[in-house]
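Q: Please take a close look at one part of the structure shown below, in a single connected answer. Give the cut-offs along the way.

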Amino acid sequence: MAQLAIQIIPAEVLRQKAHPIVTVDKRIAKFMEDMAETMYKGNGIGLAANQVGALDRVITVDVSDSRDGSEVYLMGNPEVVWSDPIETFTYSEGCLSIPGHYAKVTRPRRIRVSYLDQAGKKRELEAEDLFSQCIQHEIDHLNGVLFIDHLSKLKRDMILRKIEKAIIDEDSAHIL
Ligand code: NI
């Protein structure tokens with residue numbers, strides 16, 4: 001396995017739409033494992049292909065306590081086929097591509113998702129609460145959407161200004 005480099009906002013690839021994979025071939029199966037390793041190393045509970053600079057519709061998710069790989073979900077072409085129309089769930093989300101920033105995001109509490117597993121088999125699962133929240137966050141990534149897009153403009157702009165300032169501070173530190 002290999003650890004992949006995480007793309008940080010404002011990387012263009014985070015705003016691009018990932019393409020469906022045709023099949024889970026050897027390359028994609030290996031990519032799924034590399035993504036999982038990268039997710040664990042970054043202490044993330046989920047990761048999407050865009051975040052490592054690739055535009056294949058692949059996500060990895062592990063919301064378990066053990067985080068030893070025994071409960072990891074490696075998903076190709078994940079798609080929400082049903083979402084709870086009534087109940088919502090709110091969780092303070094963070095993102096490996098937006099380090100240091102967290103904000104409460106409200107999403108449907110339950111979803112049903114179809115996907116291809118690492119063997120290329122089509123599967124469906126139901127998820128709720130944090131598991132559901134995480135999958136929705138990762139599928140958003142595949143569509144070029146970030147969790148800050150779910151916030152009010154005021155909150156989003158506040159986070160973006162802080163990021164911009166941090167980048168300027170970092171740049172000017174090299175000019176000395
Ligand atoms: Ni994220």
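Which residues have the most contacts inside the largest nonpolar core, and how many residues does this core have?

A: The model is predicted, so local features need pLDDT of at least 70 and side-chain atom pairs count only at pLDDT 80 or more, while totals for chains, interfaces and linings use all residues. Residues are numbered from 1 along each chain as its sequence is written, and side-chain values use heavy atoms, with hydrogens and water left out.

The largest nonpolar core has 31 residues. Val 24, Phe 31, Met 35, Val 58, Ile 59, Leu 125 and Ile 135 have the most contacts inside it. A nonpolar core here is a set of buried Ala, Val, Leu, Ile, Met, Phe, Trp, Tyr and Cys residues joined through side-chain atoms within 4.5 Å. Buried means under 20% relative accessible area, exposed means over 50%, and partly exposed is in between, with a 1.4 Å probe and protein chains only.

At least two residues of this core come from each of H1, S1, S2, S3, S6, S7 and H2. Helix H1 gives the most, with 7 residues. Helices (H or I, at least four residues) and strands (E, at least two) are DSSP runs, numbered from the N terminus. A second, separate core has 14 residues, among them Ile 98, Ala 103, Ile 148 and Leu 151.

Two strands pair if DSSP finds at least two bridges between them.

Strands S6 (residues 110–116) and S7 (residues 122–128) run antiparallel and are joined by 7 bridges. Ile 111 stands opposite Ala 127 in S7, and Tyr 115 has Arg 123 as its bridge partner in S7. The hairpin of S6 and S7 has 5 residues between the strands, and there Gly 120 takes a positive phi near 85 degrees.

Lys 26 lies in H1 and counts as exposed, at 78% relative accessibility. Lys 26 and Ala 119 are 9.5 Å apart in space, C-alpha to C-alpha, and 93 residues apart in sequence.

Contact means heavy atoms within 4.5 Å. Not counting residues up to four places away in sequence, Ile 135 touches Ile 59, Val 61, Met 75, Ile 111, Val 113, Leu 125 and Ala 127. Gln 136 lies in H2 and is buried, with a relative accessible area of 11%. Leaving aside neighbours within four places in sequence, Gln 136 is in contact with Arg 107, Pro 108 and Ile 111.

The whole structure has 2 aromatic pairs. Rings of Phe, Tyr and Trp (its six-membered ring) pair if their centres lie within 6.5 Å; planes under 30 degrees apart count as stacked, over 60 as edge-to-face and the rest as tilted. The rings of Tyr 73 and Phe 131 have centres 5.0 Å apart and planes at 40 degrees, so this pair is tilted. Tyr 73 lies in strand S3 (residues 73–83) and Phe 131 in helix H2 (residues 129–142), so the pair ties together parts that are 58 residues apart in sequence. Phe 131 is buried, at 15% relative accessible area, whereas Tyr 73 is partly exposed, at 30%.

Cys 95 (SG), His 137 (NE2) and His 141 (NE2) coordinate the nickel ion at 2.1 to 2.3 Å. Donors are N, O and S atoms within 2.8 Å of the metal (3.2 Å for Na, K and Ca); water is not among the atoms, so sites may look incomplete. Along the chain, the donors follow the spacing C-x41-H-x3-H. Cys 95, in the loop between strand S4 (88–93) and strand S5 (103–108), and His 137 in H2 are 42 residues apart. Both Cys 95 and His 137 are buried.
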